[in-house]
Amino acid sequence: MRFASLGSGSHGNATLVEAGATRLMIDCGFSCKETEKRLQQLEVAPDSIDAILVTHEHSDHISGVARYSRRYGTPVWMTPGTEAVHQGGEVAELNLFNSHRSFRIGDMDIQPFPVPHDAREPCQFVFSDGQHRLGLLTDTGSITRHMVEALEGVDALILEFNHDPGMLADGPYPPGLKARVGGDFGHLSNRQAADLLGRLDLGRLKLLVAAHLSEKNNHPDLAREHVERALGGQPADIHIADQLVGVPWKNLL
Ligand SMILES: [Zn+2]
Ligand SMILES: [Zn+2]
């Protein structure tokens with residue numbers, strides 16, 4: 001099993017997850033052209049993606065989905081709530097899933113779980129090939145017991161480290177947006193993400209990717225500090241997924 005990030009942040013998110021003969025793209029928040037360019041850097045042919053899974057309807061996750069799906073005939077999976085409000089137009093093939101129930105695509109088991117975020121029916125995922133598990137959690141304003149249970153014992157985790165509360169408070173965002181980002185249905189601060197790590201059994205964790213960092217309200221060094229402190233002596237590789245280049249392929253061994 002392996003994964004890569006095409007880029008992560010408030011201007012666009014997309015993640016590749018691969019197991020056996022199955023290759024999934026989670027979200028497509030870049031234009032079709034930009035996605036093709038980034039896939040090429042990862043040596044992935046655009047028509048080789050078996051399905052696109054959508055976490056929620058915010059444009060940094062969905063803006064490229066429908067066009068990409070139509071261009072390459074890629075099936076799309078989303079919750080009924082996301083389907084009800086997304087504005088991207090027709091997709092090549094639409095599949096709805098229940099955000100409380102696991103499902104399978106090809107060689108991959110997918111466990112969705114709902115998250116508190118200001119979208120209609122947002123969710124995030126745990127992927128498994130039967131041997132290894134990869135957790136993906138961004139775009140959540142708070143930590144729930146349910147997500148702690150879902151992420152328990154993962155081998156790799158892509159986790160939101162969105163903002164530093166001090167930088168958010170002193171930063172350029174208007175007051176309403178500051179309240180939204182820092183609220184219970186907004187995004188995880190460095191501290192909240194580190195607290196989540198403190199609540200998880202990390203015995204199997206080998207890879208941690210800090211993702212969805214705010215370019216205005218966070219700094220990679222701050223996020224990394226929080227990750228390192230939270231992981232303590234855990235011998236895990238740490239990566240920061242940024243907006244421009246994401247993270248190259250990482251294998252779960
Ligand atoms: Zn987002
Ligand atoms: Zn969002």
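H239 is buried in this predicted model, with a relative accessible area of 17%. That value counts as buried because the cut-off is under 20%. The residue sits in strand β13, which covers residues 237-240. Which residues does H239 touch, leaving aside its neighbours within four places in sequence? They are L207, L208, V209, A210, V247 and K250.

**Two residues with positive phi**

D139 has a phi near 55 degrees, a positive value in a residue other than glycine. It is found in the loop between β10 (133-137) and α5 (145-151). Is D139 buried or exposed? At 1% relative accessibility, D139 counts as buried.

H212 also has a positive phi, about 55 degrees, although it is not a glycine. Its loop runs between β12 (207-211) and α9 (220-231). H212 is buried too, with a relative accessible area of 2%.

H56 is another loop residue, placed between β4 (51-53) and α2 (59-62). Its relative accessible area is 0%, so H56 is buried. How many residues apart in sequence are H56 and D139? They are 83 residues apart in sequence, while their C-alpha atoms are 9.0 Å apart in space. The two residues are also in contact.

| Residue | Loop between | Relative accessible area |
|---|---|---|
| H56 | β4 (51-53) and α2 (59-62) | 0% |
| D139 | β10 (133-137) and α5 (145-151) | 1% |
| H212 | β12 (207-211) and α9 (220-231) | 2% |

**Cysteines**

A disulfide is a covalent bond between the sulfur atoms of two cysteines. How many disulfides does the structure hold? It holds zero. Take C28: the closest cysteine sulfur, in C32, is 6.6 Å from its own, too far for a bond. The cut-off for a disulfide is within 2.5 Å. C28 is buried, with a relative accessible area of 0%. C123 also counts as buried, at 0% relative accessibility.

**The whole chain**

Now for the overall picture. The protein chain has nine helices and 14 strands. Its C-alpha atoms fill a box of roughly 45 × 40 × 35 Å, taken along the principal axes. Does the radius of gyration of the chain agree or disagree with that of a compact globule? A compact globule of 253 residues would have a radius near 18 Å; the protein chain has 17 Å, so the two agree.

Of the 253 residues, 58% count as buried. H239, D139, H212, H56, C28 and C123 are among the buried ones. The accessible surface of the chain comes to about 10700 Å². Carbon and sulfur atoms account for 48% of that surface.

Among contacts between residues at least 6 apart in sequence, 64% join residues at least 24 apart.

The protein chain has 23 positive and 33 negative charges. How far apart are their mean positions? They are 1 Å apart.

Methods
Residues are numbered from 1 along each chain as its sequence is written. Chains are lettered from A and ligands numbered from 1 in the order in which they are written. This is a predicted model: local features need pLDDT of at least 70, side-chain atom pairs count only at pLDDT 80 or more; totals for chains, interfaces and linings use all residues. Side-chain values use heavy atoms; hydrogens and water are left out. Helices (H or I, at least four residues) and strands (E, at least two) are DSSP runs, numbered from the N terminus. The radius of gyration is taken over C-alpha atoms; the globule rule is 2.2 Å times the number of residues to the power 0.38. Buried means under 20% relative accessible area, exposed over 50%, partly exposed in between (1.4 Å probe, protein chains only). Contact means heavy atoms within 4.5 Å. Accessible areas come from the Shrake-Rupley method with a 1.4 Å probe; for residues, only the protein chains shown count as cover. Lys and Arg count as positive and Asp and Glu as negative; His and the chain ends are not counted. The place of a charge is taken as NZ of Lys, CZ of Arg, CG of Asp or CD of Glu.
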